[in-house]
Amino acid sequence: MRRVYTNRRAHYEYELLERFEAGISLTGSEVKSVRAGGVDFRDAFARLTNGNIDLEGLYIPTYTQATYNNHEPRRPRRLLLHREEIGKLRRALEQKGLTLVPTRMYQKGRVFKVELALARGKKLHDKRRAEAEKTVRRELREL
């Protein structure tokens, strides 16, 4: 059974501009833990360091059946992108107000992928407008 973990808070907090698909480097106990469930995006963000993109703050719980070499739940994990994509992201992140936010994590074949979005933070009035539009759409659907 395929699991898809979504960061629902990202859609509320940020205006998502452009999306990228990246592979994620996981250890064996992390893979088993992700398959068992419990991934939390609450404090997750991506950062450009030394020409690589790292995903920080993603919570993957420790695997209970793992041996002494279990993983750290909130360790930085390297994201696997093409050099051209990293260059494009570097140029975009130099602009003021843009950040890189993980929106989804899913299994594609045998590997896990993370969907990243180039995002701009929403102001309070933008959140209120989005909430109002959402309720209007819901009311129209009910009619």
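Start with the largest pocket, which has 16 lining residues; Asn7, Arg9, Ala10, Phe41 and Arg42 are the ones nearest its centre. A pocket here is found on a 1 Å grid over the protein atoms alone, as an open set of points where a 1.4 Å probe fits, with protein on both sides within 12 Å along at least five of seven lines, and a lining residue has an atom within 4 Å of a point. The space inside comes to about 300 Å³, a volume filled by probe spheres set on the points, which are joined across faces, edges and corners. Helix α1 (8-13) gives the largest share of the lining, four residues, and both α1 and β6 supply at least two. Sorted by class, the lining has eight nonpolar, three polar and five charged residues. In that sorting, Ala, Val, Leu, Ile, Met, Phe, Trp, Tyr, Cys and Pro are nonpolar, Asp, Glu, Lys and Arg are charged, and the others, Gly among them, are polar.

A word on what you're looking at: this is a predicted model, where local features need pLDDT of at least 70 and side-chain atom pairs count only at pLDDT 80 or more, while totals for chains, interfaces and linings use all residues. Residues are numbered from 1 along each chain as its sequence is written, and side-chain values use heavy atoms, with hydrogens and water left out.

Now step back to the whole chain. It has four helices and seven strands (DSSP runs numbered from the N terminus: H or I of at least four residues for helices, E of at least two for strands). In sequence order they run β-α-β-α-β-β-β-α-β-β-α. Along the principal axes, the C-alpha atoms fill a box of roughly 55 × 40 × 25 Å. Of the 143 residues, 36% are buried, meaning under 20% relative accessible area with a 1.4 Å probe on protein chains only, whereas exposed means over 50% and partly exposed is in between. Among contacts (heavy atoms within 4.5 Å) with a separation of 6 or more, 67% link residues 24 or more positions apart.

Next comes the inside. The largest nonpolar core has 26 residues, and Ile24, Leu58, Leu79 and Met105 touch the most other members. Such a core is a set of buried Ala, Val, Leu, Ile, Met, Phe, Trp, Tyr and Cys residues joined through side-chain atoms within 4.5 Å. At least two core residues come from each of β2 (14-24), β4 (52-56), α3 (83-93), β6 (98-108) and β7 (111-121), with β7 giving the most, four. Setting aside neighbours within four places in sequence, Ile24 is in contact with residues including Leu55, Leu58, Leu79, Met105 and Phe112.

Over in strand β4 sits Ile53, which counts as buried because its relative accessibility is 1%. Beyond its neighbours within four places, Ile53 has contacts that include Ala46, Leu48, Ile86, Leu89 and Leu100. Compare Asn50, in the loop between β3 (45-49) and β4: at 78% relative accessibility, Asn50 counts as exposed. Asn50 also has a positive phi of about 55°, although it is not a glycine.

Finally, look at helix α2 (28-36), where Ser29, Glu30, Ser33 and Val34 are buried. These residues line one face of the helix, because they fall within an arc of 135° seen down its axis, judged by the directions from that axis to the C-beta atoms. Their cover includes β1 (4-6), β5 (77-80), β6 and β7. Exposed Gly28 and Ala36 are on the face turned away. After α2 comes Gly37, with a positive phi near 110°.
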